[in-house]
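Me: Please take a close look at one part of this model, a single strand and its surroundings. Then set it in its wider context.

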Amino acid sequence: MTDDGKYPWPHRHLLTLADYSADDIRHVLTTARGFEGISTRSVKKAPALRGRVVANLFFEDSTRTSMSFQLAAQRLSADVLSFSGKGSSVSKGETLVDTARNIEAMGVDVMVVRHHHSGAAAKLAANVQCSVVNAGDGRHAHPTQGLLDIYTVAKRCGRLDSLDFTGLTVAIVGDIANSRVARSDLIGLKKLGAHVILVGPPTLLPRGFADLGDGMSAELSHDLDAVLPRVDVVNMLRVQFERMGGGKSGGPAFPSTREYTARYGLTAARLKRARPGVVVMHPGPMNRGLEIDAAVADGPNSAILEQVSHGLAVRMAVLFLVTTAAQGT
Amino acid sequence: MDPLADANQTAALIAKMSAWVAGQAPDGQRDQWALVGLRRRGDVIAGRMAESLGITNLGTLDITLYRDDLGGAGTVPMVGTTEIDFSLDGLDVVLVDDVLMTGRSIRAALDAMADLGRPRRVWLAVLMDRGAETRELPIAADFAAAVQSGPRSVEVRLRPGDSDEGVYLGETAGEGVGI
């Protein structure tokens with residue numbers, strides 16, 4: 001922070017948390033804290049982005065994230081354009097960059113993009129003048145999910161003031177290989193000092209995650225039962241059948257859904273192995289009965305709906321920061 | 001920086017603000033009053049006033065999102081939290097700030113409060129008034145503990161946000177100094 005109460009914010013885009021320093025991440029979360037109150041007051045709106053245009057470009061299915069970004073932009077008084085890949089000119093063969101440039105020509109300040117190809121957001125950022133916020137690209141990154149997960153951990157574990165996760169242990173469990181959430185969570189959690197354990201069957205847990213470069217490393221485990229007693233937070237990932245190419249059976253990744261649940265599903269019985277106050281998270285949408293039991297998802301340890309509320313505040317903060325920083329350049 | 005008021009004199013100025021509110025708000029009616037301080041420093045002053053006046057409706061307003069000068073080369077403002085855990089509807093609300101200069105913070109504060117509720121009346125009490133020449137909007141304080149006109153900037157320092165307490169005269173105001 002500078003003397004005049006400003007933070008030197010260098011980012012016009014949010015493509016991956018790897019681009020953000022620990023202090024940048026902390027600044028987003030501190031800003032999000034200021035936005036949380038807007039959702040509970042009588043007028044749920046602030047004028048910070050009045051007159052600005054946010055375009056939501058969703059080339060891949062999404063309910064939670066697209067609605068969250070839309071509401072976040074509206075709460076800041078921006079105008080919102082919403083676009084979904086289906087039923088658009090994309091299905092007529094227009095390229096991603098062409099679509100984006102055409103939308104930008106309408107006078108857009110921020111593009112929020114979700115795409116099934118890893119690197120799509122970075123490609124857009126290189127080809128348009130406006131700010132780009134990655135709302136999920138393939139298996140690569142989902143930085144706002146990472147930020148809202150970190151915010152949830154900070155709040156539940158009493159670290160919101162310090163935003164220092166030293167001494168916290170977080171397990172991320174399940175389909176690591178296909179998960180952009182796992183990658184973004186891992187990077188963000190490590191930057192704030194947490195110890196991260198990635199848990200999953202060998203087919204879904206690439207060895208490369210053990211060392212991410214930049215001195216960042218994760219512990220890998222195939223044994224959820226052994227890991228549970230050691231963690232403060234357990235983040236259950238969705239099994240992403242659509243990225244496994246085996247239909248609803250899990251394809252080559254595991255023999256059967258029943259076997260997956262037996263070893264990696266968070267059931268009420270298994271949760272008893274963890275500390276009493278353990279925080280249970282899930283990025284949604286949940287496969288109830290597969291990676292997480294309904295009793296756990298709806299139980300007292302669950303922070304799953306809080307994650308959704310925090311997502312709104314975090315996305316408001318991100319939209320505010322990237323547009324406000326771009327204003328002076 | 002030249003000192004204008006030391007810690008004791010600053011405390012006396014805050015006491016003057018409290019005395020003014022006491023004159024407006026008779027003893028039995030203080031539950032109909034609220035003190036809302038602007039972050040940062042207005043909230044500190046409001047807190048001290050509330051303590052001496054026995055007013056329990058005490059809030060903090062962060063006006064960052066309502067400012068008209070957001071953004072700037074490579075920096076972003078710090079967004080703080082607004083903490084007003086009571087209804088403003090029907091109350092006499094005293095907005096409290098450290099320095100009144102252009103009036104733009106107060107404009108932002110009025111807009112921010114309009115999104116929170118509908119007070120019966122909003123008053124403005126400040127520690128230092130820079131004088132009508134510095135104003136850029138038709139806004140005036142109902143009470144100012146002291147007036148300091150002239151081109152030199154005025155800085156109020158209060159614990160715990162600052163390392164000492166007092167009012168200081170700074171350099172001749174350039175562009176963008178304080179709102």
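**A strand and its partners**

Reply: In this predicted model, A:N235 has A:M281 as its bridge partner in β10(A). That bridge belongs to the pairing of β10(A) with strand β9 of chain A, residues 233–236, which is parallel and runs over three bridges.

The pair is part of an open sheet of five strands in chain A, ordered β8-β7-β6-β9-β10, with parallel pairing. Which strands stand at the edges? They are β8 (219–221) and β10 (279–281) of chain A; each has a single partner strand, so one side of each is left without a neighbour in the sheet. From one strand to the next, the twist averages 20 degrees.

A helix also belongs in this picture. Helix α5 of chain A, residues 143–156, lies across β6 (169–173), β9 and β10 of chain A. Its direction is at about 165 degrees to β10(A).

In general, the strands of a sheet pair through backbone hydrogen bonds, and the pairing is either parallel or antiparallel.

As for the contact between the chains, 19 residues of chain B are in contact with 26 residues of chain A. The side of chain B that touches chain A consists, by class, of nine nonpolar, eight polar and two charged residues.

Key
Residues are numbered from 1 along each chain as its sequence is written. Chains are lettered from A and ligands numbered from 1 in the order in which they are written. This is a predicted model: local features need pLDDT of at least 70, side-chain atom pairs count only at pLDDT 80 or more; totals for chains, interfaces and linings use all residues. Two strands pair if DSSP finds at least two bridges between them. Helices (H or I, at least four residues) and strands (E, at least two) are DSSP runs, numbered from the N terminus. Axes are lines fitted to C-alpha atoms, for helices over the stretch in contact, and angles run from 0 to 180 degrees between N-to-C directions. Two residues are in contact if their C-beta atoms, placed from the backbone, lie within 7 Å. Ala, Val, Leu, Ile, Met, Phe, Trp, Tyr, Cys and Pro count as nonpolar, Asp, Glu, Lys and Arg as charged, and the others, Gly among them, as polar.
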